[in-house]
Amino acid sequence: MFDGTGSPGYSADIAISGGRIAAIGRLGHVDAAQTIDAHGMAVTPGFIDMLDQSGRALLVDGHAPSKIFQGVTTLITGEGESVAPLNDNIINEEGSHTKPDWRTLGEYFQRLQGQGIAVNFGTYVGAATARAMVIGYGDRKPTPDELKQMQAIIADAMRDGAFGVSTALQYPPATYSTTPELIALAKTAASYGGMYATHMRSEGDAEMAALDEVFDIARTAHIPVEIFHLKVAGHRNWGSMPKVIAKIDAARAKGLDVSADTYAYTAWGNDLASFIPPWAHAGGTAKLLARLGDPQTRARIEKDMRTPSDAWSNDWLEVPGPHAVEITSVRDPSLKKLEGRRLDDIATSWHEKPIDALLDILIKDHAATDVAVFGMSQPDVTLALQQPWMSICDDASAQAPTGPLGQGHPHPRAYAAFSRIITKYVRDEHALTLADAIHKMTALPAKRMGLTQRGTIKKGMWADIAIFDPATLRAPATFEEPKQLAEGMYYVLVNGVPVIANGKTTQALPGQVLHGPGFHKG
């Protein structure tokens, strides 16, 4: 048994009653409704996903197979934009393909819990969500009154159970947010005991400046910070992870409460539209498509993509080339044949330049295309993973090989990020010990999120437990064939109830909505 603290494994029996761990030790013969023989296996706390994207997917299928087959029992979501709260501004921008029957975060939680979920679920409230609700998708500062409205939205969400406020500053409309605006929202979250979690303004050429902004927010708002999917992006920046780590370590040494997470792949995943300069997104998707359709404006967009600038995170110049961009999902069914193909290959078949192919895909798919971008170096990724303040995420929505959650050609991290930590970084490369890897997926994130009743195997804790053989665990998902469930989880328990038993799903839905520190039960 590995208790999650980072201590070496040891042999023991575990008794579970009422969903919680009732006893640990040499328990001998006890009366039990069910006994699981885990002899020779690793018994660990269930894994905690520090950046999930399943807010809508769980309403489609609450069983979350891609998560539970990796041993993941708790999801933390809400990267910059959150599934709630909502108003007409957001619903109209998202389009008719979504028909939410909630408006507040509390209403969403009721909907989710009432439908049933296999995993535990918590979320941040998105700063961009508050911004869009109040001022829409334009590129401007909020007025003082509008900023107060945004703060009120954050406060309401914190009372509804959000864990803090989050940003994704590379994506409009968040890109238009100033540091003082973010500090104001972070102060509101901090007043309820919340965190500030961020996809920084840059992870590439301007990463050091982006870190300075993160530290400024942490210092001024007196708030703990989680940096989502810490990386060094862009081939010109490869080898810079030691500088990034040193800067974070220096901030921590000065008293700032800063930590980070990683999915530990050399390719990130995002919207193809993120290649477009922020000014072209102002006003929302309809405005973006109109600009792409105008020859003069399109020429300006292309020029900006080809021109080095510190004003925005220019993925086009940061990636090694068009072959580094793989289409992972499209919305338009007529474009399904593009999924799994690289941008240079598509451009060749369309007889045009790769940058034109990128812009044309956005037009054809109404700017709804997702991509995997191979823009990191393995030594940087491994070094980041080894840091003591680094936990694990997959930055992915719940998936299934077939059915409603089986659409698209996802980044393999959706199916394999957690299992791969063990198969690649522990078993194959010895970059981590098994105890360290488990700590990064259990007790470390639980402590970070204030989940005092989860993350370790200890008497009285909720019985979120994974049972597997580390020697035979497999993470078969690849970029070529991503829709493959992880293999080797013998049992996975959520709140004491098996969701995986004898390697197969039980269809049980014992997951709970988790509430943050400001939760006020009305």
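Guide: Gladly. A salt bridge here is a side-chain nitrogen of Lys or Arg within 4 Å of a carboxyl oxygen of Asp or Glu. Arginine 413 makes one with aspartate 395, with 3.4 Å between the closest N and O atoms. This pair ties together distant parts of the chain: arginine 413 belongs to helix α16 (residues 413-428), while aspartate 395 is in the loop between β15 (390-392) and α16, 18 residues apart. Before we go on, please note that this is a predicted model, in which local features need pLDDT of at least 70, side-chain atom pairs count only at pLDDT 80 or more, and totals for chains, interfaces and linings use all residues. Residues are numbered from 1 along each chain as its sequence is written, and side-chain values use heavy atoms, with hydrogens and water left out.

Visitor: Are arginine 413 and aspartate 395 buried or exposed?

Guide: Buried means under 20% relative accessible area, exposed over 50%, and partly exposed in between (1.4 Å probe, protein chains only). Arginine 413 and aspartate 395 are both buried.

Visitor: How many salt bridges does the structure hold?

Guide: There are 27. In one of them, arginine 341 meets aspartate 345 at 2.8 Å, N to O. Arginine 341 is partly exposed because its relative accessible area is 22%, and aspartate 345, at 37%, also counts as partly exposed. Another joins aspartate 428 to arginine 427 at 4.0 Å, N to O. Aspartate 428 is exposed at 53%, whereas arginine 427 is partly exposed at 29%. Salt bridges that share partners also link Arg298, Glu302, Arg306, Lys353, Asp356 and Asp360 into one network.

Visitor: How should I read a helix, say α7?

Guide: Helices (H or I, at least four residues) and strands (E, at least two) are DSSP runs, numbered from the N terminus. The expected span of a helix is 1.5 Å times one less than its number of residues. Helix α7 (residues 179-190) has 12 residues and should therefore span 16 Å, which agrees with the 16 Å between its end C-alpha atoms.

Visitor: Which elements do the buried residues of α7 pack against?

Guide: The buried residues of α7 include Leu182, Ile183 and Ala186. Contact means heavy atoms within 4.5 Å, and the packing partners are α5 (127-135), α6 (144-160), β8 (164-168), β9 (195-199) and α8 (207-221). From the side of α8, look at isoleucine 217, which counts as buried because its relative accessibility is 1%. Leaving out residues up to four places away in sequence, isoleucine 217 touches Thr179, Leu182, Ile183, Ala186, Tyr196, His222 and Ile223. Isoleucine 217 and alanine 186 are 31 residues apart in sequence, yet 7.4 Å apart in space, C-alpha to C-alpha.

Visitor: And how do I read a sheet?

Guide: Strands of a sheet pair through backbone hydrogen bonds, either parallel or antiparallel. Two strands count as paired if DSSP finds at least two bridges between them. Strand β12 is joined to β14 (residues 370-374) by 5 bridges, and glycine 269 stands opposite alanine 372 in β14.
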